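I opened this entry to keep a record of what I looked up, going from the whole chain to single residues. The notes follow the order in which I took things up.

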Amino acid sequence: MQASVIRTTPFEGQQPGTSGLRKKVASFQQPHYLENFVQAIFDTQTKLAGGSLVLGGDGRFYNREAIQVILRMAAANGVARVLVGKGGILSTPAASCIIRKYQTQGGIVLSASHNPGGPSEDFGIKFNIDAGGPAPASVTNAIYQRTQTIDQYRILDADAVDLDQLGESRLGELVVQVIDPVADYAELMASLFDFNAIQQLFSSGSFRMRFDAMHAVTGPYAVEILERRLGAEPGTVMHGVPLEDFGGGHPDPNLVHAHELVELTSGAQGFDFGAASDGDGDRNMVLGRDFFVTPSDSLAVLAANAQLAPGYKDGISGVARSMPTSQAADRVAEALGVDCFETPTGWKFFGNLLDAGRITLCGEESFGTGSDHVREKDGLWAVLFWLNLIAAKRQSVAEIVHDHWRRFGRNYYTRHDYEGIDSDAAEGLIDHLRILLPSLPGQQLGGTNGGFKVAFADDFAYTDPIDGSVAEQQGIRIGFEGGARIVLRLSGTGTQGATLRVYIEQYEADSARHHLPVQEALAPLILIARELAQIESRTGRAQPDVIT
């Protein structure tokens, strides 16, 4: 087996976003495109030479082919050992778990998360550092800079590795270890949650649930843990076989794309509990019967009840949320006497806080929740946490959340997504708001009677309390007296056009007003946001594509 040095030239646009490099499959299939980016990882992450690497992905189209390329390049670049999931499968949280457990020098995760898969759809690649979490900006910037000057890459001339047999093989000097993708993760979950109590819940005959794996990566994990270890009835896991195109669906666990699960938990005969996860297993949706738990509320409820799970019996050191996430967790942290941090969107911003022991739980409104057990958000972990709460409290999902609102008040919250809009129009909208910001404080918006007085308006900037790094222009915040907020930002998770996300929040302390329809409760603020940002005139969109 000989290592070849292949001449190449840079590609434009290989700048990793909040969760790596995401493009259409066709982009990655271009000669040298994937290889350039992977070589940039090896060139900048020098600890990998002579070290160990974790490798796997969500099983989407091009996953297996990319893994073979990366293995041959790892061998040519002096990596000593690669731990790769059987069949090329590793959920994102499982990859973090394995990086941490076996103290590897990092991991390469192949996924475009909740984006669709298939020959004409999306693919992605990201590097996770040795702590198990997404690479910070210093690392991704170094990788990007290398992609702009790269002129060659190294790759071994070798046959494909058999990814479907557990065990070790060699690729030149590289040891390739095909591992069970589920075992280490399942063992970690058993150490955090009361599996006996959850088993009793399932065996009681009075509790029924469905988990929608959306033909994505969490299917094997959910079948092993929920059905085999916890005793949920066979068939509890829906769409449990990972498919390259996710069965033609959109593996994004929200009320729109997981509509079948929503229907199964509706009505008098609906299931007591419903949950779903996304393409790579790091997001979650939690449902009760006729009841949707917002991710913001989910984080707050878990923080308030963390001690009910064995892994968190001593309480939490702190909590963090992304800036657009509702302030519900802030109220819990205040009551518990622990810190609450507001970070930019992107899981990498939680890493330093977790490593420093400043926080135990963290979450984002985009259906992501996690803790210090790994350095990624973790969809199935959140589902198991909720099952632990239900088993301990012997209450329904709705009862648990309503009790929480009575104690802490309710943060009415919604997100409106305008997808695939013209990028220039989207940037123009944000620039327009930046110009308005200095003039907004003190203004009464929405009419003088029943309107909202602006308390502050800014473009969110974050200074990391651990390493002092600064992230600027992280989203437009407009805060009102009384705690209501409007947040607008452009998402970096899509592969074409731009996605404008508009977040609306209003706090309600009166428990008699906790049962209003969310869009009705927030209607005045929604109108203010649309008019202030000139959304329809600037984007041509009269209504959002997705409301959550």
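**Entry 1. The whole chain**

I began with the contacts: of those between residues at least 6 apart in sequence, 72% join residues at least 24 apart. I note here that the model is predicted.

Next I looked up the secondary structure and found 18 helices and 27 strands. The radius of gyration is 23 Å, close to the 24 Å that the globule rule gives for 548 residues, so the protein is as compact as a globular protein of that length. I also took the span of the C-alpha trace along the principal axes, which is about 75 × 60 × 40 Å.

For burial, I have 58% of the 548 residues down as buried.

I then checked the charges. There are 45 positive and 66 negative ones, and their mean positions lie 2 Å apart.

**Entry 2. The loop between helix 9 and strand 12**

I picked two residues from this loop, threonine 265 and aspartate 272. The loop runs between helix 9 (259-264) and strand 12 (273-277).

Is threonine 265 buried or exposed? Its relative accessibility is 3%, under the 20% cut-off, so I count threonine 265 as buried. A polar atom of the threonine 265 side chain lies 3.1 Å from the backbone oxygen of valine 262. Beyond four places in sequence, threonine 265 is in contact with Gly270, Phe271, Phe273, Gly274, Leu287, Gly288, Arg289 and Asp290.

What does the side chain of aspartate 272 make a polar contact with? I found the side chain of arginine 289, at 2.8 Å. A polar atom of the aspartate 272 side chain also lies 2.7 Å from the backbone nitrogen of arginine 208. With residues up to four places away left out, aspartate 272 touches Ser206, Phe207, Arg208, Leu287, Gly288, Arg289 and Val397.

I compared the two contact lists.

**Entry 3. Phenylalanine 202**

I placed phenylalanine 202 in helix 7 (residues 195-203). Its relative accessible area is 12%, so phenylalanine 202 is buried under the 20% cut-off.

Leaving aside neighbours within four places, I listed Phe207, Met209, Leu230, Gly231, Ala232 and Leu387 as contacts of phenylalanine 202. As a distance check I took alanine 137, which is 65 residues from phenylalanine 202 in sequence and 44 Å from it in space, C-alpha to C-alpha.

How many residues of helix 10 (residues 295-304) are buried? I counted ten of its ten, and the helix is mostly covered. Among them are Pro295, Asp297, Ala300, Val301 and Ala304.

I then went to histidine 404, in helix 14 (residues 397-408). At 6% relative accessibility, histidine 404 counts as buried. It touches Ala300, Val301, Ala304, Val332 and Gly409, apart from residues up to four places away. Histidine 404 and alanine 304 are 100 residues apart in sequence, and their C-alpha atoms are 8.2 Å apart.

Helix 12 (residues 348-355) is mostly covered, with six of its eight residues buried. I listed those as Lys348, Phe349, Phe350, Gly351, Leu353 and Leu354.

Which strands do these buried residues pack against? I found strand 15 (318-322), strand 16 (339-343), strand 17 (361-364), strand 18 (368-371), strand 22 and strand 23. Just after helix 12, glycine 357 takes a positive phi of about 75°.

From there I followed strands 22 and 23 to the loop between them, where serine 469 is found. Serine 469 is partly exposed, with a relative accessible area of 38%. Its side chain has a polar contact of 2.7 Å with the side chain of aspartate 467. Leaving aside neighbours within four places, serine 469 is in contact with Tyr462, Thr463 and Asp464. Last, I took the C-alpha separation of serine 469 and alanine 74, which are 395 residues apart along the chain, and got 31 Å.

Technical notes. Residues numbered from 1 in each chain as written. Predicted model: local features only at pLDDT ≥ 70, side-chain atom pairs only at ≥ 80, totals over all residues. Heavy atoms only, no water. Helix = DSSP H or I, 4+ residues; strand = E, 2+ residues; numbered from the N terminus. Polar contact = N/O pair within 3.5 Å; in protein donor to acceptor, adjacent residues only side chain to side chain. Contact = heavy atoms within 4.5 Å. Buried < 20%, exposed > 50% of the residue type's maximum accessible area, 1.4 Å probe, protein only. Rg over C-alpha atoms; globule rule 2.2 N^0.38 Å. Lys, Arg positive; Asp, Glu negative; His and termini not counted. Charge placed at Lys NZ, Arg CZ, Asp CG, Glu CD.
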